[in-house]
Amino acid sequence: MKLSIIGLGKLGAPMAAVLAHKGHQVVGVDVNPAAVTAIQQGRAPVSEPGLAEMVRDNRERLSATTDCESAVLATDVTFIMVPTPSDPDGTFSMRYVLSAAEWIGAALRKKQGWHLVVLSSTVMPGSTGGILLPALEASSGKGCGADFGLCYNPEFIALGTVIRDMLNPDMILIGESDARSGELLEGLYRSACESRPEIRRMNYVNAELTKLSVNTFVTTKISYANMLAQVCEALPGADVDVVAGALGCDTRIGKKYLKGALGYGGPCFPRDNVAFSALARAGGAPALLAEATDAMNRRQVPRVAEMILSHLPKNGVAGILGLSYKSDTDVIEESQGVAIAQHLLSRGVQVAVYDPAAMENARPQLTGPVLLAGSAAECAGQSDVLTIATPWMEFRRLRPEILKPGRVVVIDCWGVLPAESFQRACVYIRLGRGPGSGAEMRQQMASAEAAGEA
Ligand SMILES: NC(=O)c1ccc[n+]([C@@H]2O[C@H](COP(=O)([O-])OP(=O)(O)OC[C@H]3O[C@@H](n4cnc5c(N)ncnc54)[C@H](O)[C@@H]3O)[C@@H](O)[C@H]2O)c1
């Protein structure tokens with residue numbers, strides 16, 4: 001098929017590459033000339049594992065332009081993947097979607113024949129049918145259903161695994177104006193996906209609400225695990241890894257996103273959850289669960305920062321390993337590691353930081369006495385209290401030899417370090433473990449053994 005994708009960002013660029021990889025002719029459109037040039041030169045406009053190779057290998061089917069009208073005229077289906085930033089009340093702004101709709105409409109006015117428009121940006125329930133559809137009809141002078149189709153089709157992807165997630169989705173969600181539009185989009189996904197996803201077709205508002213509900217449910221699960229971690233910390237012998245590990249074996253619950261650790265961050269989870277609350281409040285429905293999830297999440301940064309401060313010697317250095325909001329991405333939006341560093345810097349603490357990918361993005365966010373380390377070992381070698389804030393694979397390979405000599409405290413928020421060797425070398429704290437938990441008992445035995453040997 002001939003496809004155009006408006007917005008070549010974290011979502012649009014991988015989508016363009018994946019569809020070109022599956023044999024479609026794809027034109028990307030962006031207002032940012034740097035993104036367009038990157039695609040034209042066979043480079044990835046954003047950082048995402050596997051994207052650079054996929055863009056390079058599919059150059060003959062993948063092009064880009066700043067001219068939206070020509071892209072729409074040359075294609076049969078147009079995806080809108082532009083930002084929908086959060087407004088102060090927590091709802092999503094449609095301003096970029098509407099400016100894309102102006103251009104699409106102008107092209108449709110000139111176009112002979114039917115065209116499908118697909119909105120993939122995250123929007124408030126009611127927006128596709130209530131805002132985008134009339135805007136497209138007004139700018140094109142044509143009728144939805146008869147002259148063009150309109151679908152709402154959000155993507156369920158996580159940064160760092162976008163390409164894998166696009167090729168192997170659990171579900172394809174389609175809100176459709178009419179059966180012809182839904183069938184065309186369903187066929188496109190059936191040909192592009194390597195898994196056999198559930199395809200759910202429905203009206204716009206149900207699809208919009210499903211998209212928000214998926215993320216709100218996952219954030220509830222994360223906050224639940226973090227609540228459990230705090231309960232474990234107060235309960236002699238309790239260990240959140242043991243409890244959550246067993247809890248996840250129940251298929252009604254499942255293991256994913258059930259790890260007592262830091263809070264959730266990134267460009268989707270926090271704001272989708274807040275938007276769900278805003279939606280519920282606007283309709284007079286109680287948003288108690290979504291609000292509690294958000295409140296629980298906001299507690300994580302001050303909680304861990306205070307834990308660090310309680311262990312930090314006078315004039316000591318607090319090291320933070322991990323500034324991206326999750327591993328395998330350079331995105332720092334709502335990152336817990338950055339927020340902890342900011343909290344400590346605001347208290348006048350000397351901070352050392354390191355991240356394998358996000359140093360450049362984090363640098364402008366960190367003002368004060370901060371050492372931007374060139375490696376995890378350099379960061380650890382300066383730190384009196386070292387905190388693992390993002391579970392990068394690189395950190396799993398760290399050994400205690402990199403720690404600063406003397407008494408060091410390591411706070412392993414994600415349980416990624418080889419615990420036993422760190423327990424022998426430092427005060428090792430894994431979030432979510434109560435006094436006298438298995439790990440702590442092992443640590444005491446090891447210390448007793450070491451004392452005996454001495
Ligand atoms: N990033 C994610 O993990 C993710 C996941 C699911 C949904 N989403 C949603 O997808 C949408 C896009 O998110 P993103 O992360 O890709 O954003 P992004 O900021 O990474 O990229 C958006 C791109 O759109 C371009 N753009 C803005 N206005 C434009 C216009 N009028 N015409 C052409 N290009 C324009 C920008 O220059 C930018 O390159 C948002 O609604 C977001 O909530 C994102």
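Colleague: How far is an oxygen atom of the ligand from an N or O atom in the side chain of Asp30?

Modeller: The distance is 2.6 Å in this predicted model. A pair of N or O atoms counts as a polar contact within 3.5 Å, so the Asp30 pair qualifies.

Colleague: Which part of Thr84 lies 2.6 Å from an oxygen atom of the ligand, and which part of Thr122 is 3.0 Å from one?

Modeller: For Thr84 it is a polar side-chain atom. For Thr122 it is a polar backbone atom, with an oxygen atom of the ligand 3.0 Å away.

Colleague: How many residues surround the ligand, and which are the closest?

Modeller: The shell has 24 residues, and the closest are Lys10, Leu11, Asp30, Thr84 and Arg271.

Colleague: What is the make-up of the shell around the ligand by class, and which helix gives the largest share?

Modeller: Twelve residues of the shell are nonpolar, seven are polar and five are charged. Helix H5, residues 95-110, gives the largest share, with three residues.

Colleague: On to charged pairs. How many salt bridges does the structure hold?

Modeller: There are 20. For any one of them, read the distance, then the accessibility of each partner. Take Arg200 and Glu198, whose side chains meet at 3.1 Å, N to O. Arg200 is partly exposed, at 42% relative accessible area, and Glu198 is partly exposed too, at 46%.

Colleague: How are Arg298 and Asp294 placed in helix H12?

Modeller: Their side chains form a salt bridge of 2.9 Å, N to O. The two residues are four apart in helix H12 (residues 288-311), so about one helical turn separates them. Arg298 counts as exposed, at 56% relative accessibility, whereas Asp294 is buried, at 15%. Salt bridges may also share partners: Glu176, Glu183, Glu186, Arg190 and Arg201 are joined in this way into one network.

Colleague: Which residues form a nonpolar patch on the surface?

Modeller: Tyr224, Met227, Val231 and Leu235 do, and together they have about 360 Å² of accessible area. To read a patch, place its members on the secondary structure. Leu235 lies in the loop between helix H9 (204-233) and helix H10 (240-247). With 45% relative accessibility, Leu235 is classed as partly exposed.

Colleague: Is Leu228 buried or exposed?

Modeller: Leu228 belongs to helix H9. Its relative accessible area is 15%, and the limit for the buried class is under 20%, so Leu228 is buried.

Colleague: How far apart are Leu228 and Ser335 in sequence and in space?

Modeller: In sequence they are 107 residues apart. In space the distance is 21 Å, taken from C-alpha to C-alpha.

Terms used: Residues numbered from 1 in each chain as written. Predicted model: local features only at pLDDT ≥ 70, side-chain atom pairs only at ≥ 80, totals over all residues. Heavy atoms only, no water. Patch = residues over 30% accessible without salt bridge, like charges linked within 9 Å, V, L, I, M, F, W, Y side chains within 5 Å. Areas by Shrake-Rupley, 256 points an atom, 1.4 Å probe, with all protein chains shown as cover. Salt bridge = Lys/Arg side-chain N within 4 Å of Asp/Glu carboxyl O. Buried < 20%, exposed > 50% of the residue type's maximum accessible area, 1.4 Å probe, protein only. Near = heavy atom within 4 Å. Polar contact = N/O pair within 3.5 Å; in protein donor to acceptor, adjacent residues only side chain to side chain. Nonpolar A, V, L, I, M, F, W, Y, C, P; charged D, E, K, R; others polar.
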